[in-house]
Amino acid sequence: MKTIKIFLASSIVEFEREREQIENFIRNVSDDFEERHNIKLKPVLCENFDPAMANGRKQEEYNEEIRNSEMIFFIFFTKIGEFTREEFDVAFSHFREFDKPKIYTYFKELSDGETMEESLVKFMDTLDNALTHYHSMFSHI
């Protein structure tokens with residue numbers, strides 16, 4: 001059976017509920033894929049890693065999973081944290097060298113009164129202009 005790893009990168013605080021919903025969705029689709037196509041979809045979320053101390057930076061364990069994933073989904077709302085940005089840089093660097101993982105970027109639409117931090121505005125500009133990868137928007141999972 002072939003296994004396809006799908007890494008989910010986002011703010012755990014901003015998207016706690018959505019991350020759980022996406023993980024459950026991937027698992028449900030995987031059940032169907034296993035029966036019909038002999039393919040297992042494996043969601044990879046950092047909160048499911050062993051919380052034991054790492055021999056070095058814990059983030060390196062996540063970065064290694066990114067390199068070993070076939071797909072990575074980034075979801076953003078009002079900010080981009082330093083670790084999510086690092087994960088994007090790792091994924092993009094690996095993509096440039098090995099043509100994987102496939103990278104998807106989604107930004108949650110803001111409601112009245114909500115604003116993006118400057119770091120996220122700059123990241124969107126980098127995606128759109130420097131990388132010519134136009135981002136996608138969503139309102140709900």
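Lys58 and Glu61 are joined by a salt bridge, with N and O 3.2 Å apart. A salt bridge here is a side-chain nitrogen of Lys or Arg within 4 Å of a carboxyl oxygen of Asp or Glu. The pair sits in helix H2 (residues 58-67), and its members are about one helical turn apart because 3 residues separate them. Helices are DSSP runs of H or I with at least four residues, strands are runs of E with at least two, and both are numbered from the N terminus.

This is a predicted model: local features need pLDDT of at least 70 and side-chain atom pairs count only at pLDDT 80 or more, while totals for chains, interfaces and linings use all residues. Residues are numbered from 1 along each chain as its sequence is written, and side-chain values use heavy atoms, with hydrogens and water left out.

**Salt bridges**

The count is 12 salt bridges. Three of them are tabulated here, among them the Lys58 pair.

| Salt bridge | N to O distance |
|---|---|
| Lys58 and Glu61 | 3.2 Å |
| Arg85 and Asp89 | 3.1 Å |
| Lys40 and Glu34 | 3.9 Å |

How exposed are these residues? Buried means under 20% relative accessible area, exposed means over 50%, and partly exposed lies in between (1.4 Å probe, protein chains only). Lys58 is partly exposed at 21%, and Glu61 is partly exposed at 31%. Lys40 is partly exposed at 32%.

Arg85 and Asp89 both belong to helix H3 (residues 82-98), 4 residues apart, about one turn of the helix. Asp89 is partly exposed at 38%, and Arg85 is partly exposed at 29%. Elsewhere, shared partners link Arg57, Glu60 and Glu86 into one salt-bridge network.

In H2, the buried residues are Gln59, Tyr62, Asn63, Glu65 and Ile66. They lie on the same side of H2, because they cover an arc of only 160 degrees around the axis. That arc is taken from the directions from the helix axis to the C-beta atoms. The buried residues of H2 pack against S1, strand S2 (39-44), S3 and H3.

H3 has 17 residues and spans 24 Å from first to last C-alpha, close to the 24 Å expected at 1.5 Å a residue. The expected span is 1.5 Å times one less than the number of residues. Thr84, Glu87, Phe88, Val90, Ala91, Phe92 and His94 are buried in H3. Their cover includes S1, H2, S3, S4 and H4. Just after H3, Asp99 takes a positive phi of about 65 degrees.

**Nonpolar cores**

A nonpolar core is a set of buried Ala, Val, Leu, Ile, Met, Phe, Trp, Tyr and Cys residues joined through side-chain atoms within 4.5 Å. The largest has 21 residues, of which Ile72, Phe74 and Phe123 touch the most other members. At least two residues of this core come from each of strand S1 (2-10), H2, strand S3 (71-76), H3, strand S4 (102-108) and helix H4 (118-130).

What does Ile72 touch, leaving aside neighbours within four places in sequence? Its contacts are Phe7, Ala9, Ile66, Ala91, Pro101, Lys102, Ile103 and Tyr104. Contact means heavy atoms within 4.5 Å.

A second, separate core has 11 residues, including Phe15, Ile22, Ile26 and Phe138. In soluble globular proteins, nonpolar side chains tend to be buried together.
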